[in-house]
Amino acid sequence: MLKNKETRVILDTKKLKNLRGNCQTLKDVLDAVSNEQVSSMLVVVETLLWVFLHDPPNGDEMEASFISKLSGISSSKRIQKVPNQYLNMIISALDTSPLQQKEQLIQLLKKMKRNQNLSTNIHTVLITKHEEKRVDNKKKHCFVFKHPQGCDISDSECGFIVKFRRPVRYYWIGELSIDDKDYQDSGIHYHGFSSAQDICTYRLFDGIGPDKGTPVPSIGHWKWFEKWLPESDLKEKQKCLAIDISDYLIAKC
């Protein structure tokens with residue numbers, strides 16, 4: 001997710017577009033993380049897809065230890081790690097790409113998987129959309145998860161609500177709701193330990209390959225696979241998000 005002064009904002013597609021426009025090199029990506037323009041490694045991965053598509057780094061730039069520098073910057077900041085599960089989906093899709101630069105990017109993503117400051121198997125929860133409603137002309141998405149320490153509340157599920165609005169055409173903003181009224185009759189309750197900075201929303205599209213078993217994830221409006229996989233015609237399957245809530249990996253599908 002992009003960092004915002006308003007802590008409830010978890011998605012701003014206009015800022016995502018501006019980030020891509022400002023990141024033309026690996027150094028630009030490092031600067032964006034260093035300047036706290038990004039607070040999720042999922043967004044970093046999306047930005048790398050953009051950089052390698054338009055201007056693949058040369059060998060010297062790769063030898064400058066991008067992963068080492070990114071790891072060093074991230075270790076001193078509050079930044080969401082990317083789940084290995086998410087990286088695996090990206091790598092599987094890139095494997096089918098006809099573009100030559102895919103090999104260089106795949107190797108970089110595999111290095112991210114091996115770096116504990118950048119990726120994880122245990123700190124990030126992948127959650128799928130639970131239910132969508134429309135309230136006051138806003139799309140309200142209800143997400144649920146299993147509380148790692150258990151929960152004594154039996155009449156509703158642990159979760160939270162994300163409301164989406166479109167301030168101008170083509171752009172969307174998603175906000176974490178902390179308003180008790182939104183949770184009335186929703187079937188979920190909000191514990192309050194989740195902040196917008198710990199959440200990144202994304203979409204899953206149809207799977208690729210002969211058995212179409214591996215879905216393709218994408219953040220915001222830019223569908224990176226349309227360029228990397230020009231022969232594909234993938235349709236959206238579901239809205240999802242990644243959230244840091246515990247030292248355990250809990251997934252709800």
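Biologist: Which residue in strand 8 does Val162 stand opposite?

Modeller: Val162 faces Leu176 there. Before more, a caveat: this is a predicted model, where local features need pLDDT of at least 70, side-chain atom pairs count only at pLDDT 80 or more, and totals for chains, interfaces and linings use all residues. Residues are numbered from 1 along each chain as its sequence is written, and side-chain values use heavy atoms, with hydrogens and water left out.

Biologist: How do strand 7 and strand 8 run, parallel or antiparallel?

Modeller: Antiparallel, with four bridges joining strand 7 to strand 8 (residues 173-176). Strands are DSSP runs of E, at least two residues; helices are runs of H or I, at least four; both are numbered from the N terminus. Two strands pair if DSSP finds at least two bridges between them.

Biologist: And how many bridges join strand 7 to strand 9?

Modeller: Two, and those strands run parallel. Glu157 stands opposite Ile188 of strand 9.

Biologist: How many residues of strand 7 are buried?

Modeller: Seven of its nine, so strand 7 (residues 157-165) is mostly covered. Buried means under 20% relative accessible area, exposed over 50%, and partly exposed in between, with a 1.4 Å probe on protein chains only.

Biologist: What about the chain overall? How many helices and strands?

Modeller: Nine helices and twelve strands. Buried residues make up 50% of the 253 residues. Of the contacts between residues at least 6 apart in sequence, 71% join residues at least 24 apart. Contact means heavy atoms within 4.5 Å.

Biologist: Switching topic. Where is Ser218?

Modeller: Ser218 sits in strand 11 (residues 214-218). Its relative accessible area is 0%, so Ser218 is buried. Four of the five residues of strand 11 are buried, so this strand is largely enclosed by the rest of the structure.

Biologist: What does the Ser218 side chain make a polar contact with?

Modeller: The side chain of Glu46, at 3.5 Å. A polar contact is a pair of N or O atoms within 3.5 Å; within protein, one must be able to donate a hydrogen and the other to accept it, and residues adjacent in sequence count only if both atoms are side-chain atoms. Leaving aside neighbours within four places in sequence, Ser218 also has contacts including Tyr86, Tyr202 and Trp224.

Biologist: Which residue is its bridge partner?

Modeller: Arg203. Strand 10 and strand 11 run antiparallel, joined by four bridges.

Biologist: Now the largest pocket. What volume?

Modeller: About 270 Å³. On a 1 Å grid over the protein atoms alone, a pocket is an open set of points where a 1.4 Å probe fits, with protein on both sides within 12 Å along at least five of seven lines; lining residues have an atom within 4 Å of a point. Points are joined across faces, edges and corners, and the volume is the space filled by probe spheres set on them.

Biologist: Which residues lie nearest its centre?

Modeller: Leu11, Phe164, Trp172, Arg203 and Lys239, out of 15 lining residues. Strand 10 gives the largest share of the lining, three residues.

Biologist: Last one. Where is Glu36, and is it partly exposed or buried?

Modeller: Glu36 is in the loop between helix 2 (26-34) and helix 3 (41-54). Its relative accessible area is 38%, so Glu36 is partly exposed. Its phi is near 60°, a positive value in a residue other than glycine.
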